[in-house]
Amino acid sequence: MIVNNLAERENIEVDLLMDGVHRLYGYDFRNYARASLTRRIWHHVHAENLKSISALQEKVLHDRACFERLVQNLSIPVTEMFRDPSLFRMFREKVVPLLRTYPYIRIWHAGCSTGEEVYSMAILLHEEGLLDKARIYATDMNNRSLQQAREGVFGIERMQLYTKNYLEAGGKRSFSEYYTAKYSSVIFQPFLRKNMIFAEHNLATDRSFNEFNVILCRNVMIYFNDELRDQVHGLFNESLSRFGILVLGSKESMQFTEYSDSYELLDRVEKVYRKIN
């Protein structure tokens, strides 16, 4: 009985914290997968040297800096250049030939984090001769991550891994041609950014803002519950043009969503779909 009471109290505290964050700051985490959300909240409780979720709620509601640190924790900024190289190799082989038939290409990276995937896509499109006719929209709810993405500056210590990923993804040049090293960082070439637009967008609360030929949202919805996942699939369905491409990544699936009949499977392993109606 005590265990049940403790679990119930924890659920109430999480609900109150998330309601407060939504009402005061407009960020909606209420439909994130509960177990993962609770773990990350407790991690932040300890990071703030507090003893309870209720204490975190009080601090978050009165200290915007604490709230921003919480968002940084909950938004899970995990990414790398050419992450899952097999996906980018598949994109070159199966999606690029379709994009060549378009006079203009609009691509949306939803949940772009610090932008490594966005720069990877720009490099791929450049090598395939498509970058000049493409516009890449990159969005995230985390402003700190977006700022780093806009600058295109990343730690030099990761370049060895990124070079390996690039080559495995079918890269056609020397990866070092795309960046300039300075001290402990690298900055990617300005021409890669010229057709990028970075903007704050929250998948849980914001609406469609354009029509796209390609949408990438990889390993983001694994943190959502079923209700929010279906809501986001509705957003993507509304935002994709007919025959548009939806890239979910290997951990996601279109199965068991109300929109599954609107797509055909383009790649079973990488979970890439084409909208057919």
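**Exercise 1: Surface and overall form**

The accessible surface of the chain amounts to about 13300 Å², and 50% of it belongs to carbon and sulfur atoms; areas come from the Shrake-Rupley method with a 1.4 Å probe, and for residues only the protein chains shown count as cover. The model is predicted: local features need pLDDT of at least 70, side-chain atom pairs count only at pLDDT 80 or more, and totals for chains, interfaces and linings use all residues. Residues are numbered from 1 along each chain as its sequence is written, and side-chain values use heavy atoms, with hydrogens and water left out.

*Solution.* 

Step 1. Nine helices and ten strands make up the secondary structure of the chain; helices (H or I, at least four residues) and strands (E, at least two) are DSSP runs numbered from the N terminus.

Step 2. The radius of gyration is 20 Å, close to the 19 Å that the globule rule gives for 277 residues, so the chain is as compact as a globular protein of that length. The radius is taken over C-alpha atoms, and the rule is 2.2 Å times the number of residues to the power 0.38.

Step 3. Along the principal axes, the C-alpha atoms fill a box of roughly 60 × 50 × 30 Å.

Step 4. Of the 277 residues, 51% count as buried; buried means under 20% relative accessible area, exposed over 50%, and partly exposed in between (1.4 Å probe, protein chains only).

Step 5. Among the contacts with a separation of 6 or more, 73% are between residues 24 or more positions apart, where contact means heavy atoms within 4.5 Å.

**Exercise 2: The strands around S5**

*Task.* Which strands does S5 pair with, and in which sense?

*Solution.* 

Step 1. Strand S4 (residues 179–182) runs antiparallel to strand S5 (residues 185–188), and four bridges join them. Two strands pair if DSSP finds at least two bridges between them.

Step 2. Within this pair, Thr180 has Ile187 as its bridge partner, and Tyr179 stands opposite Phe188.

Step 3. The hairpin of S4 and S5 leaves two residues between the strands, and Tyr183 in the turn has a positive phi of about 60°.

Step 4. Strand S3 (residues 153–155) also pairs with S5 in the antiparallel sense, over three bridges. Here Val153 stands opposite Ile187.

**Exercise 3: The strands around S10**

*Task.* Which strands does S10 pair with, and over how many bridges?

*Solution.* 

Step 1. Strand S8 (residues 240–247) and strand S10 (residues 272–275) run antiparallel and are joined by three bridges. Val272 in S10 is the bridge partner of Val247.

Step 2. Strand S9 (residues 263–267) pairs with S10 in the antiparallel sense over four bridges, with Leu265 opposite Tyr273.

Step 3. Four residues lie between the strands in the hairpin of S9 and S10, where Lys271 takes a positive phi near 55°.

Step 4. In strand S8 one finds Phe243, which has a positive phi of about 70° although it is not a glycine. Its relative accessibility is 39%, so Phe243 counts as partly exposed.

**Exercise 4: Buried or exposed?**

*Task.* Classify Ser120, Asn219, Asn49 and Glu258 as buried or exposed.

*Solution.* 

Step 1. Ser120 belongs to helix H6 (residues 116–127). Ser120 counts as buried because its relative accessibility is 0%. Beyond its neighbours within four places in sequence, Ser120 is in contact with Met81, Phe82 and Phe88.

Step 2. Asn219 is placed in the loop between strand S7 (212–216) and helix H9 (226–239). With 10% relative accessibility, Asn219 counts as buried. Neighbours within four places aside, the contacts of Asn219 include Arg83, Asp84 and Leu248.

Step 3. Asn49 sits in the loop between helix H2 (34–47) and helix H3 (53–62). At 71% relative accessibility, Asn49 counts as exposed. Its phi is near 60°, a positive value in a residue other than glycine.

Step 4. Glu258 is in the loop between S8 and S9. A relative accessible area of 62% makes Glu258 exposed.
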